[in-house]
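Please read the briefing below alongside the sequence and the model. It is grouped by topic.

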There are 4 protein chains.
Amino acid sequence: MGIQERKERERERRRQGIMLAAKRVFTAKGYENSTMEDIAKEAELSPGTLYLYFKNKDALYASLSLRVLQYMTVRLEHALEDGSKSYADLKAALLEAMYDIYDFDAVILNNMFHLQSSETLKELSDDILEEINALSRKALRMITAVFSTGMGEGVIHKYHPTAVADIFWSMFTGAVLWEETKKMINPERYTLRETLDTSFDILYRGLDIRSAP
Amino acid sequence: MGIQERKERERERRRQGIMLAAKRVFTAKGYENSTMEDIAKEAELSPGTLYLYFKNKDALYASLSLRVLQYMTVRLEHALEDGSKSYADLKAALLEAMYDIYDFDAVILNNMFHLQSSETLKELSDDILEEINALSRKALRMITAVFSTGMGEGVIHKYHPTAVADIFWSMFTGAVLWEETKKMINPERYTLRETLDTSFDILYRGLDIRSAP
Amino acid sequence: MGIQERKERERERRRQGIMLAAKRVFTAKGYENSTMEDIAKEAELSPGTLYLYFKNKDALYASLSLRVLQYMTVRLEHALEDGSKSYADLKAALLEAMYDIYDFDAVILNNMFHLQSSETLKELSDDILEEINALSRKALRMITAVFSTGMGEGVIHKYHPTAVADIFWSMFTGAVLWEETKKMINPERYTLRETLDTSFDILYRGLDIRSAP
Amino acid sequence: MGIQERKERERERRRQGIMLAAKRVFTAKGYENSTMEDIAKEAELSPGTLYLYFKNKDALYASLSLRVLQYMTVRLEHALEDGSKSYADLKAALLEAMYDIYDFDAVILNNMFHLQSSETLKELSDDILEEINALSRKALRMITAVFSTGMGEGVIHKYHPTAVADIFWSMFTGAVLWEETKKMINPERYTLRETLDTSFDILYRGLDIRSAP
DNA sequence: AATGAATGAGAATTCATTCAT
DNA sequence: CATGAATGAATTCTCATTCAT
């Protein structure tokens, strides 16, 4: 029985190894320009082996998205779990969580919408698809809760909380994306932290009940 | 020379025709899934002809990005040109301009970072690349000026004006992107205008000097 | 308009060229062991070109089957068309036709049932499939008519005419197949004509009303 | 040595198990569409194990052909062994034997000529090849003997007895094959027995000395 | 200038076979 | 003996690009 477990663990290890290799390659070249052979080489495996762990290239990509989403929900859960936290604490915790999530896998996060192509979606197993959707919804629900709390406390303006969560999320991905773009043109400076800080500073301020009418 | 000119005009006309066809195809299928033959068919030309007007597929795509950027700078110029406008007027004009830009070509706008892939960039002629960069900088400079004006008037907080412009831009693209994503999952509701309105409402409020410290 | 026609003719010419090359390769190696590259090489074309004329490998194969069937029906039509022929004449003409058909393309005829694999069938366009079926039925109907005539004249036993046609056809393909097998083992002797002569001699005799009860 | 024997027996047992699994898979999917893994799964073994019993996929297939041929020769031997039987008895016994053989393994019987591909033959060990040939010849010799007897008795026409045996065999395989084809197009009706009955009825009648000249 | 047939360099994927455990 | 993970060659098919007409 120990054997069974060890095998299982090794299998998972290898799966992770492939995913990390894939992440590096996708990050460097983008999805379409990355070949399965590139990824195999990066993982120091043969191309055929990849298919023992992932049904096809899209499934491999989807699993990376899943990985970010899983990390994100866990991280958010951890940050926001204490139901008794005040909005002031929650909004700070939320920010910290977003930084971590960005560090975890910025690129996949951005390109997650590769999955949107309906061609791609069709090929994915329903399980994966369902899980991706479930995790997305869950993450968004948690972000929404933060702003609901703030509204409940009467410390922020009464927008539709889901809309605010959307905006929060848009701002985050927009900033990450834009940072990548700027990095391409001008690789040396790396200022996402500052940009995000300022972004959310303005956002939080704009929401604040004490802000102008 | 009248003949020369007419020829030139006709050439430009055809170029535009190809670009519009390409835009339609890219919009419908995405960059990688669009073939040169698709575009040729849409333009009612033969594949070979496309190469008389564009060096290759990437150049065609880049020219579309250029087109959006050109529209964007022209539109912003027009909106913001009057140096004597107040921040209050400018910020309203800026918003109007962004809506127009979105309407002009949302999809290319979103996918502009397709060009980021360094593989792609390598193949582009320096001219095009330089022009893209120049236009981007110009557009950003104009947006920056709006917020500089606000700071000069003392009606908004003194962040770094370029950072605020970045954030403005991030928020815009983030919202557009996120809207596309939601559309995929839940195609019926289409609320970008409202989301953008709320986004910029909060942003402007957050910048407002009367907002909380 | 002459140009249009010439193009059409050349296209058809090339199509035929590919089909003949494919026939040679399939004959030498069998369907599964023949690669599209083999066929391209044999046709002195590049692999990509094959796909301009045939949707995929199966379609190419199917078109070869179609070709035999077309030849077969035309040849049978020609042999049996004169409605006033006696059974004696018809049965001789039928034999001659079968020899010609064998000469035209023995191997494809045998492997035609490659198409039976339901996997294969699914991928074929309905048009081709329908045509294959239609031609098969037509050929069999003509063969049936020969034996019906014989029964009408009262010169052969009253079996079910369709069954007799089936048997005639089975005997033919069985003989061709068996001949191929023997050729593999013992390549020098080539006796299909004689075997077929004897086969049909016995068959015709067995049908003859004057044969034993 | 009892151990030795038991081991030998067990080994043979497992070999048979693999062959039966392979037969089921080949029958369901055809040779090319069956993977070694399919067969391993059906045999409840791992792919590697198959190679402990069969040199490669072709050898496994060949061993199945051998199995049919072995059954065929044994069955024919049993049916025809009594040297004193009359042609009338022999021809009836032959028919019965053929039905049994068909029941034993119709599909492999039909596809036996898969082995003909010279590519395939090259890979087979000489032993197997020789045995296949020897069994084929033996079976054919026995069939030939039946018709020789008939000619000796003066009850059937004096064709070349080997040729008649060939025809008998061709008719059998042709009918089986054609039946399969018809089954594909029109799966419900299944009439091989009747077709074979009629076929051989006509054949025997055609051979009969009392038939027309 | 325009055409569009032809090219051929890949890309994803499969699967018979091997070999360390 | 048995396993089954890993291999990597081979195959089908696509599509950006070229070039003779």
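Helices (H or I, at least four residues) and strands (E, at least two) are DSSP runs, numbered from the N terminus. This is a predicted model, in which local features need pLDDT of at least 70, side-chain atom pairs count only at pLDDT 80 or more, and totals for chains, interfaces and linings use all residues. Residues are numbered from 1 along each chain as its sequence is written, chains are lettered from A and ligands numbered from 1 in the order in which they are written, and side-chain values use heavy atoms, with hydrogens and water left out.

**One residue in chain B**

- Leu129(B) sits in helix H7 (residues 126-153) of chain B.
- Leu129(B) is partly exposed because its relative accessibility is 24%; buried means under 20% relative accessible area, exposed over 50%, and partly exposed in between (1.4 Å probe, protein chains only).
- Gly30(B) is 99 residues from Leu129(B) along the chain, and their C-alpha atoms are 21 Å apart.

**Around DNA strand E**

- A residue is near a strand if one of its heavy atoms lies within 4 Å of it.
- There are 30 residues around DNA strand E, and Thr49(B), Arg14(C), Thr49(C), Tyr53(C) and Met36(D) come nearest.
- Sugar or phosphate accounts for 67% of the atoms of DNA strand E within 4 Å of the protein, and bases for the rest.
- In the side chain of Thr49(C), an N or O atom is 2.6 Å from a phosphate oxygen of DNA strand E.
- A phosphate oxygen of DNA strand E is also 2.7 Å from a backbone N or O atom of Met36(D).
- For Ser46(B), a side-chain N or O atom is 3.2 Å from a base nitrogen of DNA strand E.

**Nonpolar cores**

- A nonpolar core is a set of buried Ala, Val, Leu, Ile, Met, Phe, Trp, Tyr and Cys residues joined through side-chain atoms within 4.5 Å.
- The largest one has 132 residues, and Phe147(D) is among those with the most contacts inside it.
- Another core, of 131 residues, lies apart from it and includes Met36(A) and Val68(B).

**Helix H1 of chain C**

- The 28 residues of helix H1 (residues 2-29) of chain C should span 40 Å at 1.5 Å a residue, and the end C-alpha atoms are 40 Å apart, so the two agree; the expected span is 1.5 Å times one less than the number of residues.
- Buried residues in H1(C) include Ile18(C), Ala22(C) and Phe26(C).

Terms used: Polar contact = N/O pair within 3.5 Å; in protein donor to acceptor, adjacent residues only side chain to side chain.
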